[in-house]
Amino acid sequence: MPEFFNVLPPDDAFESLRERLTARVQAEAVPVSEALGRVTACEIVSAEDLPSFPRSTMDGYSVRAADTFGATESLPAYLELAGEVPMGQPPAVSLRPGQAARAFTGGMLAEGADAVVMEENTQRAGETTLEALRPVAPGENVLQVGEDVRSGEVVLPSGHLVRPQDVGALTALGITQVQAARRPVVSIVSTGDELVAPGETPGPGRVRDVNSYTISALVEKHGGIPIPLPLVKDDYDAQRDAALRGIEQADVLVFSAGSSISSRDLTASVLDGLGSPGVIVHGVSLKPGKPTIVALVDGKPAFGLPGNPVSAMVVFDLLVRPTLCLLRGLDPPPRPAAVSARLTRDVASAAGREDHVQVRLDGVRGGVPTAHPVFGKSNLIYSLVRADGTVRIPPDRTGLYAGQDVEVRLF
Ligand code: AMP
Ligand code: MG
């Protein structure tokens, strides 16, 4: 029986790709309204102070702080109401000593005012007389010019993954377009004589193609543009044609299935023959996911993922996801979100390989979230659906015990 040569731990497999990767991040202009999930390709610098005018942080009255010094409930400061400053308008009121003007949250202060007394700390004593029941210090309840952002300040660094709050914050500065890394295009080729399209009823021995769809969704989720190509039979020439077409129109090529070492498995020879240097990793010390191929085709990464949908997803997470991160300027690739949980059952593992066990987060017991292993052969597609994430068992361990605290890497 043929053997894998030079089986690498998954992290080493990724490193050997990373050190050979020459592709540079390419930038493009993106409207801020479409920038969510994109990665900034340069620093973003504010050209303005924010706020651009002193703003009240409260509904109340703008005052000269000195006029309120020593005010108490029993001995209030009496102020003359000089008018109000409407929202969205500059003040028409200028305060003389001993005067106050109505102010609204986010609005401007009256000319000459340097603080705002909260509505709750005042009392009206007639048409035009106001009692301030507490003193305010200069600047109290006021956002100063530039307190949020100063003109010339770097508001987002290069390589920043844009979040919803970033989108709004950019628009507050009038920034409507950003330079973002181009989304990497990923061609996806599912191979296998047994595969049929999902709209078809599979005949005996046939199954519906799952991986084209899962991998496309994963690419999309991780900031790439998926291009699923038509299904390809286990035929060298057909696979080579698809691979050539795929790599030509994309930054990354992902092949599904046929990645092992039997005579039926063609992916390694197909990817090796596409360009230089060809296959750099064949086989990783990983379960599920041992039959994995990493290749470089004239600078473009190409992957041969195992056909088992569970294996394909685990390998995508460990190798393809971080590669997409690098191509979109997220360097180092961020670790997936994880939560701590307590394992509910023993899980065995062979020494010398890294195991990724699927778990379901099963509610909180005794104040601690629990992780319940979802056992299943790696062809059980719905085991992925029933799980919330994976737990990594390091290669030097032969298992994990019930009651042990583990880190669950969330899907
Ligand atoms: P292979 O990697 O070609 O040895 O395939 C391993 C297993 O994964 C086989 O049971 C295949 O039928 C299954 N498989 C391969 N490709 C797909 C796919 N695109 N969707 C669902 N199952 C697949
Ligand atoms: Mg196959």
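Select the shell around ligand 1 and colour it by class: 4 residues are nonpolar, 7 polar and 3 charged. In this scheme Ala, Val, Leu, Ile, Met, Phe, Trp, Tyr, Cys and Pro count as nonpolar, Asp, Glu, Lys and Arg as charged, and the others, Gly among them, as polar. The shell has 14 residues, and the closest are Glu194, Asp209, Val210, Gly307 and Asn379; a residue belongs if one of its heavy atoms lies within 4 Å of the ligand.

Before you go on: this is a predicted model, where local features need pLDDT of at least 70 and side-chain atom pairs count only at pLDDT 80 or more, while totals for chains, interfaces and linings use all residues. Residues are numbered from 1 along each chain as its sequence is written, chains are lettered from A and ligands numbered from 1 in the order in which they are written, and side-chain values use heavy atoms, with hydrogens and water left out.

Now show the polar contacts of the ligand (pairs of N or O atoms within 3.5 Å). Start at aspartate 209, where a side-chain N or O atom is 2.8 Å from a nitrogen atom of ligand 1. Asparagine 211 brings a backbone N or O atom to 3.4 Å from a ligand nitrogen. Then pick glycine 307: one of its polar backbone atoms is 2.9 Å from an oxygen atom of ligand 1. Taken on its own, ligand 1 has 490 Å² of accessible area, and the protein covers 76% of that (Shrake-Rupley method, 1.4 Å probe).

Next stop, strand E13: select residues 185–190. Strands here are DSSP runs of at least two residues, helices (H or I) of at least four, numbered from the N terminus. In E13, 6 of 6 residues are buried, that is, under 20% relative accessible area with a 1.4 Å probe and protein chains only. Side chains in a regular strand alternate between the two faces of the sheet. Here Val185, Ser187 and Val189 sit on one side, Val186, Ile188 and Ser190 on the other, and both faces are covered.

E16 (residues 225–228) runs parallel to E13 with 4 bridges, and valine 185 stands opposite isoleucine 225. E17 (residues 252–256) is also parallel to E13, joined by 5 bridges; look for valine 186 opposite valine 252.

Last, jump to tyrosine 382 in helix H7 (residues 381–386). Tyrosine 382 counts as exposed because its relative accessible area is 53%, and the cut-off is over 50%.

Methods:
A polar contact is a pair of N or O atoms within 3.5 Å; within protein, one must be able to donate a hydrogen and the other to accept it, and residues adjacent in sequence count only if both atoms are side-chain atoms. Two strands pair if DSSP finds at least two bridges between them.
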